[in-house]
Amino acid sequence: MVDPIFSDAIVFASLLALLSIGLTLTYLTTRVPNFAHASFATIGVYIALVATRIWEVSPYFSLPIAFVISGLVAVALYTFILKPLIRRRASQAIQMIATLAFDLVVIAMLNIFADFVVKTFQVTSREFTLRSYDAELAGLPMIVFVAPLTIALLALTLFVVLKKTKFGIAMRAATENSDLSETVGINVKMVYGVSWMLGGGLAGIAGALMSLWFQGDPNLGPLLIPSVFAASIVGGFMSIYGAIAGGVLIGLTEVLGTRFLAGEFGSWLIAYRPLIPLVFIVVTLMLAPRGIAGLKWSRLWRHGSRV
Amino acid sequence: MVLESETVFIIDLLAIFAIYVIINLSLNLEFGYTGIPNFGKVLAVGAGAFVAASIPGRIFAGMAGIEGDYITDNLAIVSQINMWLVDNTGIGFAIFFLTLGIAAVVGGGLGIITSYPAIRLRGDYLAITLLAFGESIRIIGNNFTPLVGGTLGVQVPDPLSFLPDEMRFPVATVGLVLIAAVVFIFSEKMVRSPLGRLLRAVRDNEVAAESLGKNSTQIRIRIIMVSAALAAIGGALYAFYVGGTIAFAYDRASWTFWPFLMILIGGLANNKGVLIGTLIFVTLRKIIIFYKDSLEGYVPFDAVWLDFLLLGIILLLILLYRPQGIFTEKPTATIANRFDTPKSGAKKLFNMLFR
């Protein structure tokens, strides 16, 4: 029997990676750290709840629905709020506040929805878990295999899409230099919209998967967002592979690092776990603001080569 | 004498208004005038509240010779202190002002720490770093029990305990409004001085300000310190007003996001805007909470979420359709402007209100 802490670490790291891929995709386009990103995942959590408890299907069927709905909410944020603000050249801080305000609206809606679900269907909609609805594989819950597999598949898909398809090349061009790509006929606004759809959708999938392992609650977003930011920032905020690496690093450190330190110094340390992502954020931004992706790896490997 | 519920409503509204005015003025100095996106405002506010929760009570207990562990026997000790304070009003006030001073010093010290990233990073990276700073204070307060009693919180001694119950809150409110007025005048004087123009120069064009020989790094450090000290005083006053401190009340939404919302509604870099924005926000929230129970029948959910929804939507609308807020930023009146005094009374009134 495997120590459950390892399952915990695997699931948490995979979900953080998934969330920070999404955050990075949206940051690449508009350069605004989206505070509402983790709440897109909470939307996914509630879609999984509805699918499992009300429609009574397997929680895995909720993944595509979560992708579409969270994606559309993200597109709404981009189209109706960020796009007009960018057109008016609002500062980055103002755009961040706008995402915070949007987050507030989403959280309020989720809470209202949670109350509605309780009253109408008599289904627990706060601090619930869908763990018992998960299938089993080799004595472990299926999520332990599904979560990392999703990341692997996604990394492969994104690699192919971004490097080999016309859309991917257009997207990379639009994020590098939007004015120049417009002159060669790329519809930059459309490309950005699709990035937001993907980013929000991936968060939705992460949320739907999360409901199988962690407790779901309408106010999950603000609790989760420091970890997601930490993962993206450690990954460099501009690289999808950096985001995966950052997610895995933060996820494993939070779960296994806390366990290890608590074993060494005593269990009082466990309560300070939320400090870990904050420390990562501050240290990364102060010492290596371009994160893992910005480190000059070739310099570490090949001496003498000019980087 | 028992106060009417309407009177209580207005007294409480004014007190919360005064506290938020202090904090918002300090945020306006930072964000409105100097352009530092302090997403960790809660750090200084929380520090002030924690000072008020942990220091004066221990001093009083020492002076009054009350035995026991301050955190575990907190309720008993603080009620004994409050009884002792009835006969020692003078000492009570002295320690109260000393606490505000300590809060300001601690806040200023945290300001220096905050300024370390603020002079090295810009834009979103700075905002996220400061956010991380702000988050950490709640986590530490929640878990490090000797500070503010962890998840149980602690009581704060009440220097006004010599007053009868129904007079305590009105008097506290008057005091808070007076302190807020002093802070308002201080910050108005500050932004109308050459320093105020320097702040805007640093915000709008740092390179140009430096080419004129201004030290923009130093000015950023100073303004963060002053602003953090003011916010800490606000936090300490809040702790004294409500008579207790609990770490999880010092969250991102209440003490970072709401202040941003208020100064954005009122208008950035305009202290009158801060007043009106704070008044709108505080009144709206109070009204929603006040009528919460009567709303319960009409909406199929907890009415608390209405205020999140409404405030979020209001802020988005303001950002989209009136980004300058209710009062726009005005050029400060310089000496030359004082000579063209307006003739008519109406014009004078207009100038007083909107210039």
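Let's start with H2(A) and H8(A). This is a predicted model. Helix H2 of chain A covers residues 37-54, and helix H8 of chain A covers residues 188-210. Their axes come within 6 Å and cross at roughly 50°. H2(A) and H8(A) are therefore oblique to each other. The crossing is right-handed.

Who makes that contact? From H2(A), we have A:His37, A:Phe40, A:Ala41, A:Gly44, A:Val45 and A:Ala48. From H8(A), we have A:Gly199, A:Gly200, A:Ala203, A:Gly204, A:Gly207, A:Ala208 and A:Met210. By class, that is seven nonpolar, six polar and no charged residues.

H2(A) passes H3(A) in a right-handed crossing. H2(A) brings A:Phe40, A:Ile43, A:Gly44, A:Ile47, A:Ala48 and A:Ala51. H3(A) answers with A:Ser62, A:Ile65, A:Ala66, A:Ile69, A:Ser70, A:Val73, A:Ala74 and A:Leu77. The class count is 11 nonpolar, three polar and no charged. Note A:Phe40, A:Gly44 and A:Ala48.

One residue on H3(A) deserves a stop: A:Lys83. Helix H3 of chain A runs over residues 62-87, and A:Lys83 sits in it. What does A:Lys83 contact, leaving aside its neighbours within four places in sequence? A:Tyr78 and A:Lys189. As for A:Leu15, it is 68 residues from A:Lys83 along the chain, and their C-alpha atoms are separated by 28 Å.

Now chain B. Helix H2 of chain B is residues 41-64, and helix H3 of chain B is residues 74-87. They pack at an angle of about 65°, with axes 10 Å apart. That makes H2(B) roughly perpendicular to H3(B). H2(B) passes H3(B) in a left-handed crossing. On the H2(B) side, the contact uses B:Gly57, B:Phe60, B:Ala61, B:Met63 and B:Ala64. On the H3(B) side, it uses B:Ile77, B:Ile81, B:Trp84 and B:Leu85. Eight of these residues are nonpolar, one is polar and none is charged.

Next, the interface between the chains. Chain A gives 45 residues to the contact, and chain B gives 41. Between them they bury about 3700 Å². Of that, 81% is on carbon and sulfur atoms. Which three residues supply more of chain A's buried area against chain B than any other three? A:Ile97, A:Leu104 and A:Met286, with 17%.

A:Asp115 is in helix H4 of chain A, residues 92-121. A:Arg126 is in the loop between helix H4 and strand E1 of chain A, where E1 is residues 136-137. The two partners are 11 residues apart.

To recap. H2(A) crosses H8(A) right-handed, and it crosses H3(A) right-handed. H2(B) crosses H3(B) left-handed. The contact of H2(A) with H8(A) has no charged residues.

Note on methods: Residues are numbered from 1 along each chain as its sequence is written. Chains are lettered from A and ligands numbered from 1 in the order in which they are written. This is a predicted model: local features need pLDDT of at least 70, side-chain atom pairs count only at pLDDT 80 or more; totals for chains, interfaces and linings use all residues. Side-chain values use heavy atoms; hydrogens and water are left out. Axes are lines fitted to C-alpha atoms, for helices over the stretch in contact, and angles run from 0 to 180 degrees between N-to-C directions. Helices (H or I, at least four residues) and strands (E, at least two) are DSSP runs, numbered from the N terminus. Angles under 35 degrees count as roughly parallel, over 145 as roughly antiparallel, 65 to 115 as roughly perpendicular and the rest as oblique. A crossing is left-handed if the near helix is turned anticlockwise from the far one by less than a right angle, and right-handed if clockwise. Contact means heavy atoms within 4.5 Å. Ala, Val, Leu, Ile, Met, Phe, Trp, Tyr, Cys and Pro count as nonpolar, Asp, Glu, Lys and Arg as charged, and the others, Gly among them, as polar. Buried area is the accessible area (1.4 Å probe) that two parts lose on being put together, summed over both.
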